[in-house]
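Subject: Structure handover

Hello,

Here is the structure I promised you. My notes follow below it.

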Amino acid sequence: MKINDLKGILGKKGAGFALFYNAYSTIVNPNFFYFSWYNGVGALIIQESKAPFLIVPEMELLRAKKSPIKKA
């Protein structure tokens with residue numbers, strides 16, 4: 001499933017966004033990684049009508065910049 005597919009599902013279900021997060025640096029959340037290609041600590045917000053973005057701690061910023069998702 002691609003992000004655009006998920007956005008379509010969000011629209012059909014009437015949900016404004018999907019939230020995926022990884023709270024641990026040693027355990028990878030497979031859903032979070034699948035959509036963001038980032039395996040550190042942070043959150044991914046996918047909104048139906050806007051570009052997805054990552055929220056990460058400053059200490060993870062360099063690693064998160066390698067992800068194709070925008071950072072906040």
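I9 sits in helix α1. Keep in mind that this is a predicted model. I9 is partly exposed, at 34% relative accessible area. Together with M1 and Y34, I9 makes up a nonpolar patch on the surface. The accessible area of the three together is about 290 Å².

M1 belongs to the segment before α1. M1 is partly exposed as well, with a relative accessible area of 48%. Beyond its neighbours within four places in sequence, M1 is in contact with L6, I9, Y34 and F35. M1 therefore touches both of its partners in the patch, I9 and Y34, while being partly exposed at 48%. K66 lies 65 residues from M1 in sequence, and their C-alpha atoms are 21 Å apart.

Now the interior. As a rule, nonpolar side chains in soluble globular proteins tend to be buried together. Here the largest nonpolar core has 14 residues. Which of them touch the most other members? They are F20, F35, L44, I46 and L54. The largest share, three residues, comes from α1.

Setting aside neighbours within four places in sequence, L44 contacts A18, L19, F20, F32, F35, S36, P52, F53, L54 and I69. Three of these, F20, F35 and L54, are also on the list of residues that touch the most other core members.

I45 is in strand β2. I45 counts as buried because its relative accessibility is 12%, and the cut-off is under 20%. With neighbours within four places in sequence left out, I45 is in contact with F17, A18, L19, P52, F53 and I55. A18, L19, P52 and F53 are among the contacts of L44 and also among those of I45. N4 is 41 residues from I45 along the chain, with 13 Å between the C-alpha atoms.

S36 lies in helix α2. Its relative accessibility is 0%, so S36 counts as buried. The S36 side chain reaches the backbone nitrogen of Y38 at 3.2 Å. Outside the four places on either side in sequence, S36 is in contact with L44, L54, S67, P68 and I69. Two of those, L44 and L54, are core residues.

N22 is in strand β1. At 4% relative accessibility, N22 is buried too. What does its side chain reach? A polar atom of the N22 side chain lies 3.1 Å from the backbone oxygen of Y24. For the backbone oxygen of I27, the distance to a polar side-chain atom of N22 is 3.2 Å. Not counting residues up to four places away in sequence, N22 touches I27, V28, N29, F32, N39, G40, V41 and G42.

T26 is in the loop between β1 and α2. Buried or exposed? T26 counts as exposed, because its relative accessibility is 72% and the cut-off is over 50%. T26 and V41 are 15 residues apart along the chain, and their C-alpha atoms are separated by 9.0 Å. V41 is also one of the residues that N22 touches.

W37 deserves a look at the backbone. Most residues other than glycine have a negative phi. The phi of W37 is positive, near 60°. W37 is placed in the loop between α2 and β2. W37 counts as exposed, at 59% relative accessibility.

Last, the charges. How many salt bridges does a search of the whole structure find? It finds one. R63 pairs with E60, and the closest N and O atoms are 2.7 Å apart. E60 is buried, with a relative accessible area of 7%. R63 is partly exposed, at 35% relative accessibility.

If you open the model, I would start with L44 and its contacts, then go to N22 and W37.

Best wishes

Key: Residues numbered from 1 in each chain as written. Predicted model: local features only at pLDDT ≥ 70, side-chain atom pairs only at ≥ 80, totals over all residues. Heavy atoms only, no water. Core = buried A, V, L, I, M, F, W, Y, C linked by side-chain atoms within 4.5 Å. Buried < 20%, exposed > 50% of the residue type's maximum accessible area, 1.4 Å probe, protein only. Helix = DSSP H or I, 4+ residues; strand = E, 2+ residues; numbered from the N terminus. Contact = heavy atoms within 4.5 Å. Patch = residues over 30% accessible without salt bridge, like charges linked within 9 Å, V, L, I, M, F, W, Y side chains within 5 Å. Areas by Shrake-Rupley, 256 points an atom, 1.4 Å probe, with all protein chains shown as cover. Salt bridge = Lys/Arg side-chain N within 4 Å of Asp/Glu carboxyl O. Polar contact = N/O pair within 3.5 Å; in protein donor to acceptor, adjacent residues only side chain to side chain.
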